[in-house]
Amino acid sequence: MHPLERVARNLRRLRVLRGLSQEALAVDAGVDRSYVSRLERNLENPTVAVLDRLAGALGCDVQAFLEIPEEFDVSELPKGRKKK
């Protein structure tokens, strides 16, 4: 698995496990919500500084983004905007 794909999968997995929306994570990390979306879809190459801010907002170490994710189906994770 390519390292950027690891980052994308782990970012989404960690965010969902913590019950955060992309918007909430973006605000906490000081990045744009659309950037978080692009990271999760493996469309961006984040800097170490951005990964550090995201890790701080998620309460984990940067290395958590590079770990080989356990086998899970990303499609099973909730997606889209929450219904009001």
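# A tour of four packed helices

Select helix H1 (3–17) and look at what surrounds its buried residues: helix H2 (22–29), helix H3 (33–40) and helix H4 (48–58) pack against them. Keep in mind that this is a predicted model.

**Stop 1: helix H1**

Stay on H1. This helix has 15 residues. From its first C-alpha to its last, H1 reaches 21 Å, close to the 21 Å expected at 1.5 Å a residue. Now colour its buried residues: Val-7, Ala-8, Asn-10, Leu-11, Arg-12, Leu-14, Arg-15 and Val-16. Step just past the end of H1 to Gly-19. Its phi is positive, about 70 degrees.

**Stop 2: Asn-10**

Go back into H1 and select Asn-10. Is Asn-10 buried or exposed? Asn-10 has a relative accessible area of 0%, so it counts as buried. Next, show its side chain. A polar atom there lies 3.1 Å from the backbone oxygen of Phe-65. Then show the neighbours of Asn-10. Leaving out residues up to four places away in sequence, Asn-10 touches Ala-64, Phe-65, Leu-66, Glu-67 and Pro-69.

**Stop 3: helix H2**

Move to H2. Select Gln-22, Leu-25, Ala-26 and Ala-29, which are buried. Turn the view to look down the axis of H2. The buried residues fall within an arc of 100 degrees, so they line one face of the helix. Their cover includes H1, H3 and H4. Now check the other side of H2, where Val-27 and Asp-28 are exposed. Follow the chain out of H2 to Gly-30. Here phi is positive again, near 75 degrees.

**Stop 4: Gln-22**

Return to H2 and pick Gln-22. Its relative accessible area is 18%; the cut-off for buried is under 20%, so Gln-22 is buried. Look for Arg-33. The side chains of Gln-22 and Arg-33 are joined by a polar contact of 3.1 Å. Apart from residues up to four places away in sequence, Gln-22 touches Arg-15, Arg-33, Val-36, Ser-37 and Glu-40.

**Stop 5: the loop between H3 and H4**

Select Asn-42, in the loop between H3 and H4. Most residues other than glycine have a negative phi. Asn-42 is not a glycine, yet its phi is positive, about 60 degrees. Asn-42 is partly exposed, with a relative accessible area of 34%.

**Stop 6: the nonpolar core**

In soluble globular proteins, nonpolar side chains tend to be buried together. Which residues touch the most other members of the largest nonpolar core? Select Leu-11, Val-31, Leu-54, Leu-58, Cys-60 and Phe-65 to see them. This core has 18 residues. H4 gives the most, with 5 residues.

Now centre on Leu-58. Show its contacts with Leu-11, Leu-14, Arg-15, Arg-18, Leu-20, Leu-25 and Phe-65, a list that does not count residues up to four places away in sequence.

**Stop 7: past H4**

Finish in the segment after H4 with Gln-63. Is Gln-63 buried or exposed? Gln-63 counts as exposed, at 52% relative accessibility. Gln-63 and Leu-51 are 12 residues apart along the chain, and 9.3 Å separates their C-alpha atoms.

Notes
Residues numbered from 1 in each chain as written. Predicted model: local features only at pLDDT ≥ 70, side-chain atom pairs only at ≥ 80, totals over all residues. Heavy atoms only, no water. Helix = DSSP H or I, 4+ residues; strand = E, 2+ residues; numbered from the N terminus. Expected span 1.5 Å × (residues − 1). Buried < 20%, exposed > 50% of the residue type's maximum accessible area, 1.4 Å probe, protein only. Contact = heavy atoms within 4.5 Å. Arc of directions from axis to C-beta. Core = buried A, V, L, I, M, F, W, Y, C linked by side-chain atoms within 4.5 Å. Polar contact = N/O pair within 3.5 Å; in protein donor to acceptor, adjacent residues only side chain to side chain.
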